[in-house]
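This report concerns side-chain pairing and helix packing in the structure shown below.

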Amino acid sequence: MSKILDGVALANSLERVVSLLRRLAPSDQVSLTKAATLRTLDVHGPCRISELAVHEGITQPAMTQLVSRLEQDGYAERRSWADDARVVMVHLTPDGADVLRHRRDTRARLLAGLADRLDDEDRAALAAALPALDRLVTTYQTLPGSTSV
């Protein structure tokens with residue numbers, strides 16, 4: 001790692017941010033695993049169960065059960081693929097999109113409130129770091145064998 005950036009410090013800080021984001025999620029009926037799967041459908045569009053399993057890093061049977069629960073909740077639905085009726089695609093429903101929007105809006109509001117407690121210099125540093133964090137994720141996504149995040 002570069003002399004300017006300590007990999008351990010970066011990992012520790014990002015782990016703390018991820019933990020904070022989890023705590024700021026609304027305490028609704030949607031687990032983190034369900035929310036992550038809904039987000040994948042939102043970002044990537046309809047997917048096969050096998051693709052969702054790879055994205056989320058779980059087994060195909062576990063994803064099949066998760067998709068069944070998302071269907072029962074009304075957040076996702078399985079549909080035959082137009083080009084090949086044997087292929088089943090999982091789609092995000094409008095209710096699923098609403099759940100995601102609610103979670104994002106809640107976290108954004110809570111994060112803005114926390115950021116308001118910081119001084120101008122810290123808020124500017126956070127704003128300046130956002131493009132680099134996005135590029136960090138994009139760099140990972142371009143690596144062979146990586147899964148999208």
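Asp120 counts as exposed, because its relative accessibility is 58% and the exposed class begins over 50%. In this predicted model, the side chain of Asp120 meets that of Arg123 in a salt bridge, with 2.2 Å from N to O. Both residues belong to helix α6 (residues 120-141), where a spacing of three residues separates them by about one helical turn. Arg123, at 28% relative accessibility, is partly exposed.

The whole structure contains six salt bridges. Three of them are listed here, including the pair just described.

| Salt bridge | N to O distance |
|---|---|
| Asp120 and Arg123 | 2.2 Å |
| Glu71 and Arg78 | 2.8 Å |
| Asp42 and Arg104 | 3.0 Å |

The bridge between Asp42 and Arg104 joins helix α2 to helix α5 (residues 94-115), so parts 62 residues apart in sequence are tied together. Asp42 is partly exposed at 36% relative accessibility, and Arg104 is partly exposed with a relative accessible area of 36%. In the pair of Glu71 and Arg78, Glu71 is partly exposed at 30% relative accessibility, while Arg78 is partly exposed at 29%.

Helix α2 (residues 32-44) also packs against helix α4 (residues 60-73): their axes come within 11 Å and cross at roughly 85°. The two helices are therefore roughly perpendicular to each other. On the α2 side, the contact involves Thr33, Lys34, Thr37 and Leu38, which meet Met63, Leu66, Arg69, Leu70 and Asp73 of α4. The contact residues comprise four nonpolar, two polar and three charged ones.

Definitions and conventions
Residues numbered from 1 in each chain as written. Predicted model: local features only at pLDDT ≥ 70, side-chain atom pairs only at ≥ 80, totals over all residues. Heavy atoms only, no water. Axes fitted to C-alpha atoms, helices over the stretch in contact; angles between N-to-C directions. Helix = DSSP H or I, 4+ residues; strand = E, 2+ residues; numbered from the N terminus. Parallel < 35°, antiparallel > 145°, perpendicular 65-115°, else oblique. Contact = heavy atoms within 4.5 Å. Nonpolar A, V, L, I, M, F, W, Y, C, P; charged D, E, K, R; others polar. Salt bridge = Lys/Arg side-chain N within 4 Å of Asp/Glu carboxyl O. Buried < 20%, exposed > 50% of the residue type's maximum accessible area, 1.4 Å probe, protein only.
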